[in-house]
Amino acid sequence: SSSLLEATAPSKRRLRLKLNALLLLFFGAVSNVKASVSSYGAQPTGPVPVIAQVVPTATITPALTKILTGTSTVTIDGTGFDASTPNATLVWLSLNNEGEFPCVTVNSTANSLTCTVLSPFTISGTLTGKVRAFYGNSSIANVGRVEPAIAPSGGSSVAADTGLGTNAIIGIIVGVVAFVIVVAAVVLVVVRMRTT
């Protein structure tokens with residue numbers, strides 16, 4: 001480690017800050033900040049304690065993941081998130097660039113977080129976001145695309161909830177009907193064979 005700053009006050013108190021890996025300031029590597037204090041010429045004893053850790057600014061991986069209206073949960077991937085507690089990384093979202101609103105982080109790792117908005121999305125559009133971790137803000141990036149959750153006719157939302165579209169449901173019905181016809185034909189053949 002090298003001494004970067006030494007300040008001497010009129011009262012002969014000196015504050016000496018020592019930083020590890022000076023390259024951190026230029027290249028964004030993680031480094032510990034250490035400090036020692038000497039007063040009236042007395043030198044500190046023992047190891048120099050770590051008083052802070054400098055980390056790179058958090059980033060968001062741009063995404064246009066589909067988020068259905070009616071939902072209130074968003075997952076954001078990136079780097080440098082604070083996972084020390086579930087809500088340590090703060091998140092702000094904007095739908096169609098119409099003002100920011102908070103998204104409360106409920107689960108986080110260093111590279112992915114899940115947050116919940118106060119009320120479910122009701123309109124579609126592009127969702128952008130930024131995060132704040134370790135007192136530094138990320139750049140704004142796309143985090144998803146809100147799209148309408150369309151239910152099949154009749155008002156049931158089963159298709160929207162399961163991801164099955166109308167064509168998939170019709171295909172399932174046709175398959176079941178075909179299976180029933182085949183089984184009935186086999187039964188009819190067996191019955192005729194026994195009667196003859």
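Predicted model: local features only at pLDDT ≥ 70, side-chain atom pairs only at ≥ 80, totals over all residues.

Colleague: What joins C103 to C115?

Modeller: The sulfur atoms of C103 and C115 are 2.2 Å apart, and a disulfide joins the two residues. The pair links distant parts of the chain: C103 belongs to strand β9 (residues 101-108) and C115 to strand β10 (residues 112-116), twelve residues apart. A search of the whole structure finds one disulfide.

Colleague: Why is the disulfide of C103 and C115 called right-handed?

Modeller: The handedness is read from the torsion about the S-S bond; here that torsion is about 95 degrees, so the disulfide is right-handed.

Colleague: Strand β10 has been mentioned. With which residues is T114 in contact, leaving aside its neighbours within four places in sequence?

Modeller: Contact is a matter of heavy atoms within 4.5 Å. T114 lies in strand β10. Beyond its sequence neighbours, T114 is in contact with T73, V74, T75, V104, T105, V106 and N107.

Colleague: Which residues touch the most other members of the largest nonpolar core?

Modeller: A nonpolar core gathers buried nonpolar residues that are joined through their side-chain atoms. The largest one has 20 residues, of which V74, I76, V91, L93, F121 and L127 touch the most other members. The elements giving two or more residues to this core are β7 (73-79), β8 (90-95), β10, β11 (125-133) and β13 (141-147).

Colleague: Is G70 buried or exposed?

Modeller: The limit for an exposed residue is over 50% relative accessibility. G70 has 53%, and therefore counts as exposed. G70 is found in the loop between β6 (66-68) and β7. Apart from neighbours within four places in sequence, G70 is in contact with P120 and F121.

Colleague: Which residues line the second largest pocket?

Modeller: A pocket is an open space with protein around it, and its lining is the set of residues close to that space. The second largest pocket is lined by L95, E98, G99, F101, V117, S119, P120, F121, T122 and I123. This lining divides into six nonpolar, three polar and one charged residue. The space in the pocket is about 150 Å³.

Colleague: How is the backbone angle phi to be read, and what is the phi of N97?

Modeller: Most residues other than glycine have a negative phi. N97 is not a glycine, yet has a positive phi of about 55 degrees. N97 lies in the loop between β8 and β9, and counts as exposed because its relative accessibility is 64%. Y135, also not a glycine, has a positive phi of about 70 degrees. Y135 is found in the loop between β11 and β12 (136-137), and its 75% relative accessibility is why Y135 counts as exposed.

Colleague: How many helices and strands does the protein chain have?

Modeller: The chain has three helices and 13 strands. Of its 196 residues, 21% count as buried.

Definitions and conventions. Residues numbered from 1 in each chain as written. Heavy atoms only, no water. 1 Å grid on protein atoms, 1.4 Å probe; cavity = no way out; pocket = protein on both sides within 12 Å on 5 of 7 lines; lining within 4 Å. Points joined across faces, edges and corners; volume = space filled by probe spheres on them. Nonpolar A, V, L, I, M, F, W, Y, C, P; charged D, E, K, R; others polar. Disulfide = S-S within 2.5 Å. Helix = DSSP H or I, 4+ residues; strand = E, 2+ residues; numbered from the N terminus. Core = buried A, V, L, I, M, F, W, Y, C linked by side-chain atoms within 4.5 Å. Buried < 20%, exposed > 50% of the residue type's maximum accessible area, 1.4 Å probe, protein only.
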